Amino acid sequence: MNNFTFHNPTRILFGRGRIADLAREIPAAARVLITYGGGSIVKTGTLAEVKAALSGFTLFEFPGIEPNPTYETLMRAVELARREHIDFLLAVGGGSVIDGTKFIAAAIPFAGEPWDILVKRAKITSAVAFGSVLTLPATGSEMNNGAVITKRATNDKLAFSNSRLYPRFSVLDPSKTFTLPPRQVANGVVDAFVHITEQYLTYPADAKVQDRIAEGLLLTLIEEGPRALSEPGNYAVRANLMWTATMALNGLIGAGVPNDWATHMLGHELTALHGLDHAQTLAVVLPAMLQVRRSEKRGKLLQYADRVWGLRDGDEETRIDQAIARTREFFGSLQVPTRLSGYGIGKDAIPALLAQLERHGMTALGEHQSFNLAGSRQVYELAA
Ligand code: NZQ
Ligand code: ZN
């Protein structure tokens with residue numbers, strides 16, 4: 001196991017009815033900006049519930065944060081927040097709203113051009129406090145300090161993180177996920193699954209706790225993901241999915257072990273250029289990535305085959321083949337296509353994707369920092 005520092009300050013309020021406890025989490029004198037997406041929380045009544053819980057607070061609203069949140073939209077929230085002297089942000093929505101709110105929180109006090117936080121890795125020295133009410137289990141953004149922001153003008157989808165950007169608290173009420181469309185439920189399962197594989201399917205590091213937790217989370221997704229689609233009103237299923245997605249990317253299973261993240265980087269370019277949902281890109285890239293890097297990942301792939309898919313017969317190469325095939329079938333069973341062709345994207349799209357990776361400096365990826373553009377080309381070609 002490698003050395004690590006683990007600290008996660010986000011307070012989790014889990015369970016039915018927990019929105020009612022919001023008032024205890026936000027300073028009474030705060031000027032609060034509620035940030036949200038395209039209106040699902042208006043339709044579902046969640047916004048009304050949040051406002052009722054915060055009656056007596058000074059509230060402002062910023063709607064319209066889109067999936068794959070853009071710098072262009074978020075800067076309008078930054079202007080509003082500066083003008084109204086906002087000192088607490090409350091994100092109500094999925095990963096896009098929470099990520100967007102992290103950017104807003106960092107940009108409000110930022111002295112220069114906030115896009116430099118992403119493109120020049122400009123230092124963040126302060127951030128406005130924020131919390132979240134999660135409505136879509138997927139990204140883990142509710143309990144981590146990372147965010148992914150897109151600049152529409154230049155097709156850049158870039159990630160950043162900072163220790164000041166953990167939510168102060170996150171409300172996780174599984175009953176808020178009953179209204180999700182099947183596509184978003186499936187997306188959430190795939191995204192959480194790939195967050196786990198990015199931290200688990202690398203090389204053995206003798207990290208038994210991290211491995212066993214990762215395997216438990218993967219098995220939960222395999223068991224409960226399909227049930228969330230076939231039994232959409234099952235609270236227990238929703239609760240297990242929600243906590244799994246949070247645990248998948250809150251730093252716990254990634255501490256002390258090698259991390260990969262190449263699948264995410266190749267996926268971000270597919271969203272930037274072709275508009276695929278984040279999880280759709282992962283469903284396309286991961287099976288091909290595992291195939292191309294099967295010798296580098298051999299030890300962990302065999303462990304994954306055994307402990308997650310129960311594959312114990314046949315020779316090692318066959319078991320690895322089967323584990324990759326099972327992974328692809330699992331995504332397919334959730335109705336998430338696992339080929340570029342499933343989204344109408346041909347091989348002719350690959351050169352532009354590679355150019356984007358190069359422009360973004362994504363040329364030495366993975367747990368060995370050795371996965372280069374030639375490897376990325378192979379992965380995109382195999383995913384065609
Ligand atoms: O915008 P509204 O109207 O709210 O509708 C949303 C949106 O259209 C809808 N939705 C959310 N909750 C709902 C609901 N509809 C009905 N009922 C509900 N309860 O779902 C749609 C998708 O929402 P979005 O927030 O975009 O999805 P997700 O949570 O999958 O977030 C994806 C974003 O997170 C980033 C991705 O790159 C992408 O931009 N990621 C963030 C990470 C992080 N911060 O750690 C890690 C991930 O790898 C990921 O990259
Ligand atoms: Zn992801």
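## Close-up views

**View 1. Gln-335 sits in the loop between α13 (316-333) and α14 (350-359).** Helices (H or I, at least four residues) and strands (E, at least two) are DSSP runs, numbered from the N terminus. This is a predicted model, in which local features need pLDDT of at least 70, side-chain atom pairs count only at pLDDT 80 or more, and totals for chains, interfaces and linings use all residues. Residues are numbered from 1 along each chain as its sequence is written, chains are lettered from A and ligands numbered from 1 in the order in which they are written, and side-chain values use heavy atoms, with hydrogens and water left out. For background, most residues other than glycine have a negative phi. Gln-335 counts as exposed because its relative accessible area is 67%; exposed means over 50%, buried under 20% and partly exposed in between (1.4 Å probe, protein chains only).

**View 2. Arg-121 also has a positive phi, near 55 degrees, and is a residue other than glycine.** Look for Arg-121 in the loop between α6 (116-119) and β5 (130-134). Is Arg-121 buried or exposed? With 57% relative accessibility, Arg-121 is exposed.

**View 3. Ala-111 belongs to the loop between α5 and α6.** Ala-111 is exposed, because its relative accessible area is 83%. How far apart in space are Ala-111 and Arg-183? From C-alpha to C-alpha the distance is 40 Å, and in sequence the two are 72 residues apart.

**View 4. Ligand 1 is surrounded by 32 residues.** A residue is near the ligand if one of its heavy atoms lies within 4 Å of it. The closest are Gly-38, Ser-40, Ser-96, Asp-99 and His-195. How much of the ligand does the protein bury? Taken alone, ligand 1 exposes 970 Å², and 88% of that is buried by the protein; accessible areas come from the Shrake-Rupley method with a 1.4 Å probe. The elements giving two or more residues to the shell are α5 (95-107), β6 (146-151), α7 (182-200) and α10 (262-274).

**View 5. Phe-88 and Phe-169 form a stacked aromatic pair.** Rings of Phe, Tyr and Trp (its six-membered ring) pair if their centres lie within 6.5 Å, and planes under 30 degrees apart count as stacked, over 60 as edge-to-face and the rest as tilted. Here the rings are 6.1 Å apart, centre to centre, with 15 degrees between the planes. The pair links distant parts of the chain, with Phe-88 in strand β4 (residues 88-93) and Phe-169 in strand β8 (residues 169-172), 81 residues apart. Phe-88 and Phe-169 are both buried.

**View 6. Ser-170 lies in strand β8.** Ser-170 is buried, because its relative accessible area is 0%. Which side chain does Ser-170 touch in a polar contact? Its partner is the side chain of Ser-132, at 2.7 Å. (A polar contact is a pair of N or O atoms within 3.5 Å; within protein, one must be able to donate a hydrogen and the other to accept it, and residues adjacent in sequence count only if both atoms are side-chain atoms.)
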